[in-house]
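Please keep the sequence and the three-dimensional view at hand while going through the points.

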Amino acid sequence: MPSPFTPRTARDRTIVALDLPTPRAASDLVDRLGDAVSFYKVGMQLVFAGGLPLVQELVGRGKQVFLDMKLLDIDNTVAGGVNSIAGLGATFTTIHAYPKAMRAAVEARPAGSVGLLAVTVLTSMSDSDLRDVGYSAPAAELVARRAEDALAAGMDGIVCSGEEAAVVRKIVGPDMMIVTPGIRPAGGAAGDQRRVMTPAAAISAGADYLVVGRPITAAADPVAAANAIVAEIEQAL
Ligand SMILES: O=c1ccn([C@@H]2O[C@H](COP(=O)(O)O)[C@@H](O)[C@H]2O)c(=O)[nH]1
């Protein structure tokens, strides 16, 4: 069955990460972006600064919200977290791709509520960063294994870099969503990201959604930056 989370337009595929210090700063940026963007990611910086009510506010304004909580805990706690998140109206939330945590999340999630995405390997991690924390496999191999686990657990989608999107697509088939951070327009500064791709390349590799933070939020003209990314996605489709 096709996923209820399938995006309809290039604009719907662009998720702007609201990694900003205050709810007011986030709200101002949403106002400024207007109809250029319809999907926002709210993560730890904003939530810990009192931004959780913004989730329902944005949903009330007709926006979609990805509440990026990257849950990982004992099964009972993950289940409780997912149950609480389910009432907020977000389209997606994230669970680290550990089989027990993912199974607990899938079991706890009320039918028809929030979509569950598996965070495979953070896009800020290189192969050498992984070796530092005891993994000898390259990132691509670990992402593939975790994508298989996410499929088996019944998750709705995978968070991975553009570099792994094509392989992940082969593993999970057409109906699981692939959500790709580490997006940088050609020539853009990678910053702390290690596995990066341009919007066009990530879409061509099979990503359904692109998560874009600083290339839009730190741009001199965020509306122009967002429009350029949406246009690049449109061309790649
Ligand atoms: O593997 C991951 C998972 C999540 N993220 C999040 O995406 C944005 C990216 O922001 P940029 O400013 O475009 O780098 C950010 O909120 C991360 O928490 C990720 O980058 N990688």
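This is a predicted model: local features need pLDDT of at least 70, side-chain atom pairs count only at pLDDT 80 or more; totals for chains, interfaces and linings use all residues.

1. With 11 C-beta neighbours inside 10 Å, T6 counts as exposed, because a residue with 12 or fewer such neighbours is placed in that class. T6 belongs to the segment that comes before β1 (14-17). In sequence T6 and G157 are 151 residues apart, yet their C-alpha atoms are 10 Å apart in space.

2. The next point concerns helix packing. Two packed helices are described by the angle between their axes and the distance between the axes. For helix α1 (residues 23-33) and helix α10 (residues 222-236), the axes come within 9 Å and cross at roughly 60°. α1 and α10 are therefore oblique to each other, since an angle counts as roughly parallel only under 35 degrees and as roughly perpendicular from 65 to 115. The crossing of these two helices, α1 and α10, is right-handed. On the α1 side the contact involves L29, R32 and L33, which meet P222, V223 and A226 of α10. By class, the residues of this contact of α1 with α10 are five nonpolar, no polar and one charged.

3. How do α3 and α4 cross? The axes of helix α3 (residues 75-86) and helix α4 (residues 99-108) come within 8 Å, and the crossing angle is roughly 40°. That angle makes α3 oblique to α4. The crossing in which α3 passes α4 is right-handed. α3 contributes D75, V78, A79, V82 and N83 to the contact, while α4 contributes K100, A101, A104, A105, E107 and A108. Seven of the residues in the contact of α3 with α4 are nonpolar, one is polar and three are charged.

4. P110 counts as exposed, because 10 C-beta neighbours lie inside 10 Å. The C-alpha atoms of P110 and V82 are separated by 8.8 Å, although the two residues are 28 residues apart along the chain. V82 is also one of the α3 residues in the contact with α4.

5. The crossing of α6 and α7 is right-handed. From α6, the residues A140, V143, A144, A147, E148 and L151 meet E163, E164, V167, V168, I171 and V172 of α7. The contact of α6 with α7 has nine nonpolar, no polar and three charged residues.

6. Leaving aside residues up to four places away in sequence, D175 touches P2 and S3. D175 and D156 are 19 residues apart along the chain, and their C-alpha atoms are separated by 8.3 Å.

7. K70 deserves a separate remark on its backbone. K70 has a positive phi of about 40°, although it is not a glycine. The residue lies in strand β3 (residues 64-71). K70 counts as partly exposed, because 14 C-beta neighbours lie inside 10 Å.

8. G188 lies in the loop between β7 and α8 (199-204). With 16 C-beta neighbours inside 10 Å, G188 counts as partly exposed. The C-alpha atoms of G188 and R146 are separated by 29 Å, and the two residues are 42 residues apart along the chain.

9. Which residues come nearest to the ligand? Of the 16 residues around the ligand, A17, T123, P181, G213 and R214 come nearest. The elements that give two or more residues to the shell around the ligand are β8 (209-212) and α9 (214-217). By class, the shell around the ligand has eight nonpolar, five polar and three charged residues.

Terms used: Residues are numbered from 1 along each chain as its sequence is written. Axes are lines fitted to C-alpha atoms, for helices over the stretch in contact, and angles run from 0 to 180 degrees between N-to-C directions. Helices (H or I, at least four residues) and strands (E, at least two) are DSSP runs, numbered from the N terminus. Angles under 35 degrees count as roughly parallel, over 145 as roughly antiparallel, 65 to 115 as roughly perpendicular and the rest as oblique. A crossing is left-handed if the near helix is turned anticlockwise from the far one by less than a right angle, and right-handed if clockwise. Two residues are in contact if their C-beta atoms, placed from the backbone, lie within 7 Å. Ala, Val, Leu, Ile, Met, Phe, Trp, Tyr, Cys and Pro count as nonpolar, Asp, Glu, Lys and Arg as charged, and the others, Gly among them, as polar. A residue is near a molecule or strand if its C-beta atom, placed from the backbone, lies within 6 Å of it. A residue is buried if 20 or more other C-beta atoms lie within 10 Å of its own, exposed if 12 or fewer, and partly exposed in between; C-beta atoms are placed from the backbone.
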